Amino acid sequence: MSTDRLAGEAASAPEEAEPNRPEPAEPPGTGTPAPGGPGGPATAGTDPDHTPDDHSGSGGAGAPSGADRSGAGTAAATRGGADATQASAAGTGGTHGGSADREPTSPAGHGTSGGPEADQDSGGTQPSGPAEASADAAPGAGAGASEAAGQGGPGGAGAPPGAGRSDSGAAAPARGGGGDAEAPTAGTGSHAPGGADGQQPPAGEADGPTTGAGGHGGNADREPTPPAPGDGAGGKGRRSAAAEALAAAVRAVESGERSAASFFNDAPARRPAAPAAPAAPVRERPRAAAPAPVRPPSARPAPGPEGEIPGSGDVRQVLAAGGAPESLAGPVAETLGERAAEALREDPWQLLAVPGVRPDQADGFARALLGPACEPGDERRALALTGWLLERAALEGHTALESSTLRDALAKVSVPDPDEALRTAIAEGAVLVFQDALDAPPGARPQAADDEDAEQPVRVLLGLDRYALAEESLADALARLPSTFVPPQGGATNGETPAGGPGAPEWESAAATAPTASAAELIRTVAAHGLVAHSGGEAARAEPAALVAAARALGLRAFAAAHSEDGRRRLAASLSEAPGADPEAVSAAVTVAGLLADAEGPGRDEEGALALDLLAVLDAPQLDVETAAMLVESLPDGARLVLSGDPGVLWSAGPGRVFADLVAARRCPQVVSRTPDPGPIGELVSGIGIGELNQVEAPGKEVVIVPVRDAGEAVHRTVQLVADSVPRAIGIPAEQTQVITPGHGGAAGTRALNAALKTRLNPGPGQFGGFDPGDRVAYTPAPGRTVPGTVVSADAEGLRLDCAGGPVVVPRREVGELVRHGWALTAHQAAGARWPAAVVVLPGDATAGLTRAWIYTAFSRGERHLSVVHGAEAALPRAVAEIPFKERTTRLRALLQAQVPAGSAG
C-alpha cells in the first residue's frame, strides 16, 4: 500500500481534522414551537438531495430531509495501481454520510441537513432510537439530521401511521402458517394494524402481560381490512380483524389460558413436498396471487390531464388554511389518497406521513387549523408521532423499538404522558406489542429442566404492523422450506431421474466434479437440505454459480439472483465458466427485482409460485425484510433456497438484517467458503473483515493512499485522480472509476464531488433539469436499489437514460426525486456492484459514523485499483478495530429460533 499523490505533487502530512464544524443559523420558521403555543406553521417543500442522517452536510439545525435510501444499488471494485511514490500504511478514516437509494422530497424553505449513510455506517454499536424533535434526527442520528417518516422500506412509502402496507411494501402471501386465512399478497392495498384491548398495561413493563404476537405473519388467523373511513394516522374507527385477534391474544395471556411464549412456538403446518421438476408443485390449498415487485418504477397515482395528482386541489385549500405551502399538495394527495383533504381536516397531524415534514411543522399546521383546541396531549398527535418515530426508526434499519426507547422518544417530542400515548396506540391497533426472549447473560446459571416456574428474560418491543407482518411471514416461509423438503433417495434407474428428483449418487457425482473444495461442500449440503446459508467474499461468488450449473445439469430448474445488474452480469459470466454448464446457463442469472416483477427468470406456475426447484440468492445481506418476505413466500414447497453473501458488507438500505439474523439463529446449515479474495485489495479487505487494518504490499500500485488536509483538498485530489492520474498511470478510464464517499452532504459529500467532477469531465449548463447528455447518473427506481446510467437526451416524456445498455425514461416530474449525478456514490449505493477502479474519499469532518462494515464495503468495490483520499487520521483504524457495525433492533432471529427446529441446521 503506498501513500501517493497520483496528481504528481509532493505529499504533505495530513493535519488534524476539525472535529466539529459550526452549523449555519437555522432558517426562519424552522424552529420547534411549543405545541399549541403561538406561531405559524413552518413552511415546507422539497430537497431531493437530502439523505437520512447526513451529518456531513451543512444545513440549518433541524432542517428537514428526505428518506434518501441510497442504499444498495451499485458498488465498484478495482485492482490496479497508480503512479506514485512509496507509501505508508493508511489509518485512513472516513466520513459518514447519508446514503439511500431514494431521496424523497422534503419541505421547502428549509436548509439541507447532512448526515451519515442510513445504516450501520452512521456509527456506534448500540441500538439507536428516535431522536428529539428539536434535532429531528432519525434513530442514532445527530442534531440536524432530519428525516421524514414514511420511507421505511420498499413500497408503501409515506404511509400514515396506522396505515398498512401499500404498493409492493406488503409482505407476500402467507404460506407457511397454520391459520385458516392467508395473509394477502403484496400489493393488495392497506392492511389495518393489529391492536390490543384497553386493559393493556403500560408498554415497556417487561413483567406486564404483553402479547407474543407471533401470529401476525403468514400463520395468523387474520383477515386484514382497509381502515374505516375517517381512519388516518390516529388509527380511529372500528377495529380490524387483526386488532380483534391481537386483543383476544392479550386476554388469553392475562387469563392464563396461554403463555406469551406459545405465540412464538406455533410451528407452520407441514405441506406436501413439491413434485419433481419440471412438473408444477401441488399444494393442498390454493395460493394467493403472485406478489408485486419491490416497487415498480413510477408506482404512484396517475396524474390528471394537467399533470396534477387527483385530489390536490382540495388539499391545496386545506394547506392554505393551515399556512402550509401549496407545493405540498401533490405529496399529500399521493400519500393520503383521494380523501386527503378530509383526512387533514379531521386530523392535521396526518401531515407527518408526508416525507420531509417534521413534528414542529405539523404542530404549526394543526395550530392554525384547530386554534385553541390544539394541545400537546391531543390523542391524534400522540398517535401520529408514535407512527412517525417508528417509521423513522425503520429508516435506520430497525423493524421494532424497545418500549423504553419509544417512550423516551415521545417525551422528547413533547408528548405529556408517553405511557398513556403508548397505551392508546396499542389499543387503537396503531402499534403492535411483542415479547422476545433474551439470551442468558454470560456466566448465568443454566435454567434447570424441571424449573418450569423460572422466568426467562424478555424484552418488550413495539412495532408497526407493516414490518411485523414482513418479519413473521418471512420466518414462516423460511420454516416452511426445510419442513416440506424431501432429501434425495436412491439414484437413477434405467437412465431415468427418480420421481423425487436427482438421487444422492447423482448429487455426489456433481460435487466430485466441482471446481473447488468449497463448491463441492456447498453442492453436498444443498443436496440434503432445503435451506442453506453460504458466506464468502467476492471470489466465493463462483461457488453458488457452480451449484446452479450442477443442478441444471441434473435436470432441475435452478436460478441465481443478484442484487444489482452489475452483479447479475458477473454472475452470468461465472455460470458460463462453471464446469458442465449448458449453453442456456447464462439465462439462469437474474436480479432479485426482475425475478419478483416476473421480468426475468422462470415465471410463475398456475398457483403463483416461481416455477423453479432451486434458487441461490447472492448479495443476501442487501435483502431488506420486506423484499426477503416476498421472495421466500414466492418459492414453491420443497424448493431449495441458498442465501449467499459476504457477512462483512453493509446491511440492507431498508429495515431488517435478514442474512445476519439467519446466520445468528443457527437454524440451517452454514457453509463458509475457504476461497480467499486475491491480490493486495483482497488481502487488505480480508484483514478489515476481522478488525485489522494491515499494510499490504502493492507493487503495482493496486492500493494507494492520498493524504489530504481538509475537505476542499479532498475534492481537488479526487478530481485529479479520476480525470488524470488513474487513467494515465493505471490505464483505467474515468468512466470506469467510481468515487465513494460517506455522505451526500458536506464539503466532500456526493453533491460537492459530483459538481466538481461534472465541471471537469462533462461541463454543461444542465439544460435538462440540471443534467446534460453524457452525465453519469444514479437512478433509483425503488428504495434500496441504485442503477448507474448515462444521460442520453430529454424530451416531453422525460429524461432518457442508458442504464447498463437498456433504455430508461424517467418522467419529468420524477427526475428530481429519482435521478442524481453518479460520478460519486455512497457505500450503500455502491454495495452489490464493482468497478475496475474505486476512489474512496474519507474527509476528516465526517468520521463520527464510520464503521468497519462501511469501510469494508467501500474498500472492496475496486477490482484492480483502490485509491483512498485520506484526511481522517486515526478514525479509520479505530472504526475497523472497535465499531463493527451500527446495531439494529429486529425480531427475525427470535422468530426463527422459535419456529424452525434446531435439528434443521444439519
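Buried means under 20% relative accessible area, exposed means over 50%, and partly exposed is in between (1.4 Å probe, protein chains only).

**Ground rules.** I'm working on a predicted model, where local features need pLDDT of at least 70, side-chain atom pairs count only at pLDDT 80 or more, and totals for chains, interfaces and linings use all residues. Residues are numbered from 1 along each chain as its sequence is written, and side-chain values use heavy atoms, with hydrogens and water left out.

**Salt bridges.** I searched the whole structure and got 33 salt bridges (a side-chain nitrogen of Lys or Arg within 4 Å of a carboxyl oxygen of Asp or Glu). I looked up Arg407 and found it paired with Asp419, with the closest N and O atoms 3.5 Å apart. Arg407 sits in helix 7 and Asp419 in helix 8, 12 residues apart (helices are DSSP runs of H or I, at least four residues; strands are runs of E, at least two; both are numbered from the N terminus). Arg407 has a relative accessible area of 21%, so I put it down as partly exposed. Asp419 is partly exposed as well, at 26%.

Next I checked Arg358, which bridges to Asp360 at 2.9 Å. Arg358 is buried at 1%, and Asp360 is buried at 2%.

Then came Arg570 and Asp566, another bridge, 2.9 Å from N to O. Both lie in helix 13, 4 residues apart, about one turn of the helix. Arg570 and Asp566 are both buried.

I traced 6 strands in an open sheet with parallel pairing, in the order 7-6-8-9-5-10 (two strands pair if DSSP finds at least two bridges between them). Strands 7 and 10 are at the edges with a single partner strand each, so one side of each has no neighbour in the sheet. Strand 5 and strand 9 run parallel, joined by 5 bridges. Val532 stands opposite Val642 in strand 9.

**Two helices.** Which way does helix 9 pass helix 15, left-handed or right-handed? I noted a left-handed crossing (the near helix is turned anticlockwise from the far one by less than a right angle; clockwise would be right-handed). The axes of helix 9 (465-484) and helix 15 (625-633) come within 8 Å and cross at roughly 35° (axes are lines fitted to C-alpha atoms, for helices over the stretch in contact; angles run from 0 to 180 degrees between N-to-C directions).
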